[in-house]
Every structure is written in structure tokens, then in C-alpha cells.
Amino acid sequence: MQLKQTMKISLIILASVAGLTVVAEIALRLIMGLGNPPLYVADPEIGYLLAPNQKLRRSGNLIETNQYSMRNQELPAQSDEQRRILLLGDSVVNGSWWTDQAETLSSLLTNKLQQDAERTTVLNASANSWGPQNELAYLRRFGLFDAKALVLIINTDDLDAVEPHSLVVGNSYSYPEQPPALALIEFYQLYIAEPKSIPELEQLQEANTDRLSQNLAAIKEIKAIADANQMQFILALTPLRQEFQQDLSESEQNARKRLQELVQAENINYLDFLKIWRDFPQPEFLYRDQIHPSAQGNSKIVEAIAKELIITK
């Protein structure tokens, strides 16, 4: 009798645990979108891209990629009536999982420009942690998509970005190449487990190479590609939040100085948001974290870019 009672209690506990597990799995999928993350693919020249032709939701936000790994809907054949702007960048441009498709810089800029030119589309070629060398490699691979203007958006950290690599794909929880078996597994990976160590990436980051010169050279070549195709070119630099709160380090000052020298030498249309936002009373409201703009910050970036495009169209 006592054995039967013990077995009954054990079965009730097991059933309860199983039930709670199922409920948790369903909740994580429906509410957070876990279990179906944006996937990445390795690339020998570009390093990595968002996998093409994805459509999913994360924390209620729509994330969609087209056949060219852009954060856009499928790209149709170009029409003479359609004006395209190519936006190139990293997670600031991409928006990552925390930004709905309709709130990305490309979507906001499309809406802004369509007030003046109804058939305008802004293309979003970007991926988290891309630097100028990744972005140059993307242009070499896919071209310019008949765009009339090319807008390259970088942040201060990008001036020190390492050369293109695919070391994070499948090795970092933030760059999966296939979905996890369970949303519960992904929750553990992202919020509980320690980040995976990638020794090869650490060696690449610690290598004594002149990354600043490499990235400036990539920016110069991107400008040359735009010039060769008679495109308007705009370079925009978004600062780190800390740059408003403390003096720039010697390395940051040198990077900005070298970039300014390039801008002057190449006659680049340059938007430095550290200067543009300098008089904003509370710059912290322009950020969602230390790097990425808030909705208000994105709105101000779009306003500045749209003004340049409208002036020179």
C-alpha cells in the first residue's frame, strides 16, 4: 500500500514537471519567440550573413530577410520608376532582434523619403558586428542593386573591427546556424549559460595589426565604388553613449582624427553624430544601450540622412 502511494506521488510529480515544461516551452515560443532564432551562414569573403529568406518573430518583433540576406522583403527586378537607396552597416542599421521590421532605419527612411518620392525603397544590407571590411566584401559580392545613393553607417567601435571571419557562426549563441531543439535550451544558452569561449577569435582580436588603417582603406574603397557608379555617397558615424559622458581616449581621438583626414582627402559627405547630437540636452535618451540608438535616436539619424539625400537629389 505504501509503495503504491509512493509511486502515485512520483507520477503526479513527474506529470506536473512535464506539464510545467510544456507550458514553459509554449510560453517562450509564443511570447519571446525563442526556439526559432535568426540564423546565420558563414561566408569565406564576407565572414557571415543573416541566412536569406527568413521570416520570424522575436519578442513580438517581425524579422525578415530577402534573397540577398538584406533585412527587406524579397527584392523584385529594378524598375525605372523606382528609386533605391542602399543602406550599409552593422547592428545599428540591422536593428537585430529588438527592432521590428517596420522600425529599422531602412523602413523609417523609406517612409520619410516616400513623402517626396513615392517610389523610393531603402535597402538594408547589414549584420550584427559587421565592420567596413565586411561591408566592402558584401558590395563586391552582390553589387549596388541599381541604387542611386549609398549610405554607410558605422559606429566608433567599427574603426577597430577585425577582418571578416566566420568564427562566431555556430560557435556563439548569438550567431546560430540552426535552430535549437527546444526554446528552453535557447533560454538557457542566452540567459543562464556562460558565453562560449572562441580561442581563435580571441587570437584574432589580440593580434597586433593596424585595424584602423584596414578599416579606413575599406571605407575609401566603398567611396570609390560609389564614385565609379556615379552614386551619391554618405558616411555617417554614430558615437558610443560613453563618448558624451567622458573625454575621448587617445586611441579614440586618433581614430576620429584619421577618419576626418580621410573624409577631407576624399571629399566625403560626412555626418558625425557626436557633433550633431552634442547640444542635445540628454543624449542618454538617444540610446537603448551603450551602442544602439533608441527609437528617438533612430528618428534623428533618419532626419539627418534624409536631409542630405533630399538636398542633393
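A183 lies in helix α5 (helices are DSSP runs of H or I, at least four residues, numbered from the N terminus). The model is predicted: local features need pLDDT of at least 70, side-chain atom pairs pLDDT 80 or more, while totals for chains, interfaces and linings use all residues. Numbering starts from 1 along each chain as its sequence is written, and side-chain values use heavy atoms, without hydrogens and water.

**Exercise 1.** Classify A183: buried or exposed?

*Solution.* Take the cut-offs: buried is under 20% relative accessible area, exposed over 50%, partly exposed in between (1.4 Å probe, protein chains only). A183 has 0% relative accessibility, so A183 is buried. Next, list its contacts (heavy atoms within 4.5 Å). Beyond neighbours within four places in sequence, A183 touches E25, L28, R29, L34 and G35.

**Exercise 2.** Classify L190 by its relative accessible area.

*Solution.* Locate L190 in helix α5, residues 183-191. Its relative accessible area is 32%, so L190 is partly exposed.

**Exercise 3.** Which residues touch the most other members of the largest nonpolar core?

*Solution.* Define the core: buried Ala, Val, Leu, Ile, Met, Phe, Trp, Tyr and Cys residues joined through side-chain atoms within 4.5 Å. The largest has 47 residues; L86, Y138, L150, L235 and L259 touch the most other members. Helix α7 (residues 211-228) gives the most to this core, 6 residues. A separate second core of 27 residues includes L87, L109, F244 and L274.

How values were computed. Helix = DSSP H or I, 4+ residues; strand = E, 2+ residues; numbered from the N terminus.
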